[in-house]
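Morning, everyone. One structure today, taken from the whole chain down to single residues. Please have a look at it first.

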Amino acid sequence: MKLVPLGDRVVLKQLVAEETTKSGIVLPGQNKEKPQQAEVIAVGPGGMVDGKEIKMEVKVGDQVIYSKYAGTEVKLDEEEYIVVRQSDIVAIVQQ
């Protein structure tokens, strides 16, 4: 199966959070928050959304930072994804 977003929606897959800090301290599972960094898996077509022309700025493979409480979590084929509006993505991570 495959998720195909509509309108200005983007499908994200969260990146795995590091289990230890840079200084080598191991973080217990219950104290970790989910990371807000993810990889773009699929991008909607954009176009006219709510009467406004939307140009999609992200592409598949981009690593992005998204708003903390944004999106809808979806589980498909044992994988977890988040579907967000492009406006919920706050930055593209460039390396």
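The chain has zero helices and eight strands. Helices here are DSSP runs of H or I with at least four residues, strands are runs of E with at least two, and both are numbered from the N terminus. So reading from the N terminus, the order is β-β-β-β-β-β-β-β.

Now the ground rules. This is a predicted model: local features need pLDDT of at least 70, side-chain atom pairs count only at pLDDT 80 or more, while totals for chains, interfaces and linings use all residues. Residues are numbered from 1 along each chain as its sequence is written, and side-chain values use heavy atoms, with hydrogens and water left out.

Some totals for the chain. Of its 95 residues, 25% count as buried. Buried means under 20% relative accessible area, exposed means over 50%, and partly exposed is in between, with a 1.4 Å probe and protein chains only. The chain exposes about 6,900 Å², and carbon and sulfur atoms supply 51% of that. Those areas come from the Shrake-Rupley method with a 1.4 Å probe; for residues, only the protein chains shown count as cover. Then contacts, meaning heavy atoms within 4.5 Å. Among contacts between residues at least 6 apart in sequence, 66% join residues at least 24 apart.

Next, the sheet. In what order do its six strands lie? The order is β6-β7-β1-β2-β5-β8, the sheet is open, and the pairing is antiparallel. Two strands pair if DSSP finds at least two bridges between them. At the edges sit β6 (72-76) and β8, each pairing on one side only. Neighbouring strands are turned by 40° against each other on average, direction ignored. For the angles, axes are lines fitted to C-alpha atoms, for helices over the stretch in contact, and angles run from 0 to 180 degrees between N-to-C directions.

Let's walk across part of it. β1 and β2 run antiparallel, joined by five bridges. Leu-12 stands opposite Val-40 in β2, and Lys-13 stands opposite Glu-39. Glu-39 also faces across to β5, where it stands opposite Gln-63. β2 and β5 are antiparallel too, over three bridges. Carry on from Gln-63 and you reach Val-93 opposite it in β8. Four bridges join β5 to β8, again antiparallel.

In a regular strand the side chains alternate between the two faces of the sheet. Look at β5: Val-64 and Tyr-66 are on the covered face, Gln-63 and Ile-65 on the uncovered one.

On to packing. A nonpolar core here is a set of buried Ala, Val, Leu, Ile, Met, Phe, Trp, Tyr and Cys residues joined through side-chain atoms within 4.5 Å. The largest one has twelve residues, including Leu-12, Ala-38, Val-40, Met-56, Val-64 and Tyr-66. β1 (9-14), β2 (37-43), β5 (63-66) and β7 (79-85) each supply at least two residues of this core. A second, separate core has five residues, among them Val-11, Ala-42, Tyr-81 and Val-83.

Neighbours within four places in sequence aside, its contacts include Leu-12, Val-64 and Tyr-66. Val-16 lies 22 residues away along the chain from Ala-38, with 8.7 Å between their C-alpha atoms. Is Val-16 buried or exposed? It is exposed, because its relative accessible area is 78%. Its place is the loop between β1 and β2.

Met-56 is in the loop between β4 (52-54) and β5. Its relative accessible area is 17%, so Met-56 is buried. Asp-8 is 48 residues away from Met-56 in sequence, yet 7.0 Å away in space, C-alpha to C-alpha. Beyond four places in sequence, Met-56 also contacts Val-10, Pro-45 and Gln-86, among others.

Gln-86 is in the loop between β7 and β8 (89-93). At a relative accessible area of 13%, Gln-86 is buried. A polar atom of its side chain lies 3.1 Å from the backbone oxygen of Lys-55. Leaving out residues up to four places away, Gln-86 touches Asp-8, Val-10 and Met-56, among others.

That's the tour. Over to you.

Conventions:
A polar contact is a pair of N or O atoms within 3.5 Å; within protein, one must be able to donate a hydrogen and the other to accept it, and residues adjacent in sequence count only if both atoms are side-chain atoms.
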